[in-house]
Each structure stands twice: as structure tokens, then as C-alpha cells.
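Please read the following note alongside the sequence and the three-dimensional view.

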Amino acid sequence: MKGLFFRQLVSLLLLYLFIFICLTGIVLYIVPPTRVAIDLQWLLFGLEKGDYIRLHTIFSFAFLLLALVHIYYNRRVLSQTLRLQSADGKWKTESLAALLISLLLLLLVLTDLPPVPQIMDFGQQYKDSWGGPGGHGLGRERHARELSGQE
């Protein structure tokens, strides 16, 4: 039996945590507001909204800690990758492109330019459709009909 390779373990854990963070993030993006989720007794795969919040928070903290460990173990490669210029003095296209794309995303979010409002509005409209603020109680009415056997 081979010994445990800590660097590989960290990398695989980061991958799995990233997947879980993405999945729980998607669920939290569309889940009804808390009061509505409680009224509807909302569940997905047997988990309530609070369960998804806890999972997302704990996975995110674990991801952050492991990312720091990953950065430490790969600091030499990362420092070379982060340099904007190569040894011959030419600009590294990938480093410059990644920096510019990140700054563009930051600018879009801070100035609320498209597609940021559309993405945020879609999530809010979906949440409101459950019967929360702006949803005109549709979720609660539907739930009440289901309980009374009218649907």
C-alpha cells in the first residue's frame, strides 16, 4: 500500500469541495426565502434551506483553508505564473488576460452593468416565485391548496 501523498490529497479535497460549493450555491441561488421555505416545508434531497446554508458555509471555509495550503505547496510555480513578464522581458499573455478579466468582472459588479443585474434579477425572481416578497404569496396559496386537497 502506498503512503498518503498530502499534496494530492489537498488537490483532490479542493476539487470535491469546489463541486459541493457550486452545488450548494446553485441551490441557495434558487431556494425560496427562509420564511416561505419554512411554511412550505421545502426540502431538496431531504435537506432544508438551513442545512444548505451550513453546508455551503463549512465547505467554503474548508475550501479557503485548503486553498491556502495548496498555495503554500505550489508557491514556486504560482510565483512564476503570476509574473506579468517572462524571463525574456515579454508580457505573459495569460497573466495579463487573467488580471484584465478579473478587473473587468470587478468593474461590472461594482457598477451593476450587464450581465450582473440580469443574473441577480433572475435569482430574485425565481425566489419570489415561491411566494416571498414580490411573489404575491403564490407559493403559500399553492401549498394551502395542496394541504386542503384542492390540487
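How many helices and how many strands make up the secondary structure of the chain?

1. The secondary structure of the chain comprises seven helices and zero strands; helices (H or I, at least four residues) and strands (E, at least two) are DSSP runs, numbered from the N terminus. From the N terminus on, the elements run α-α-α-α-α-α-α.

2. The model is a predicted one, in which local features need pLDDT of at least 70 and side-chain atom pairs count only at pLDDT 80 or more, whereas totals for chains, interfaces and linings use all residues. Residues are numbered from 1 along each chain as its sequence is written, and side-chain values use heavy atoms, with hydrogens and water left out.

3. Of the 151 residues of the chain, 21% count as buried (under 20% relative accessible area, with exposed meaning over 50% and partly exposed in between; 1.4 Å probe, protein chains only). Among contacts (heavy atoms within 4.5 Å) between residues at least 6 apart in sequence, 55% join residues at least 24 apart.

4. Helix H1 (residues 6-30) and helix H3 (residues 49-73) have axes that come within 8 Å and cross at roughly 150°. Axes are lines fitted to C-alpha atoms, for helices over the stretch in contact, and angles run from 0 to 180 degrees between N-to-C directions. The crossing angle makes H1 roughly antiparallel to H3 (angles over 145 degrees count as roughly antiparallel, under 35 as roughly parallel, 65 to 115 as roughly perpendicular and the rest as oblique). The residues of this contact of H1 with H3 comprise 20 nonpolar, six polar and two charged. Here Ala, Val, Leu, Ile, Met, Phe, Trp, Tyr, Cys and Pro count as nonpolar, Asp, Glu, Lys and Arg as charged, and the others, Gly among them, as polar.

5. The axes of H1 and helix H6 (residues 116-128) come within 7 Å and cross at roughly 65°; the two helices are therefore roughly perpendicular to each other. Leu 28, Tyr 29 and Ile 30 in H1 meet Ile 119, Met 120, Phe 122, Gly 123, Tyr 126 and Lys 127 in H6. The residues of this contact divide into seven nonpolar, one polar and one charged.

6. Is Lys 90 buried or exposed? Lys 90, in the loop between helix H4 (75-82) and H5, counts as exposed because its relative accessibility is 59%. Leaving aside neighbours within four places in sequence, Lys 90 is in contact with Leu 84 and Gln 85.

7. H5 is followed by Asp 112, whose phi is positive, near 55°.
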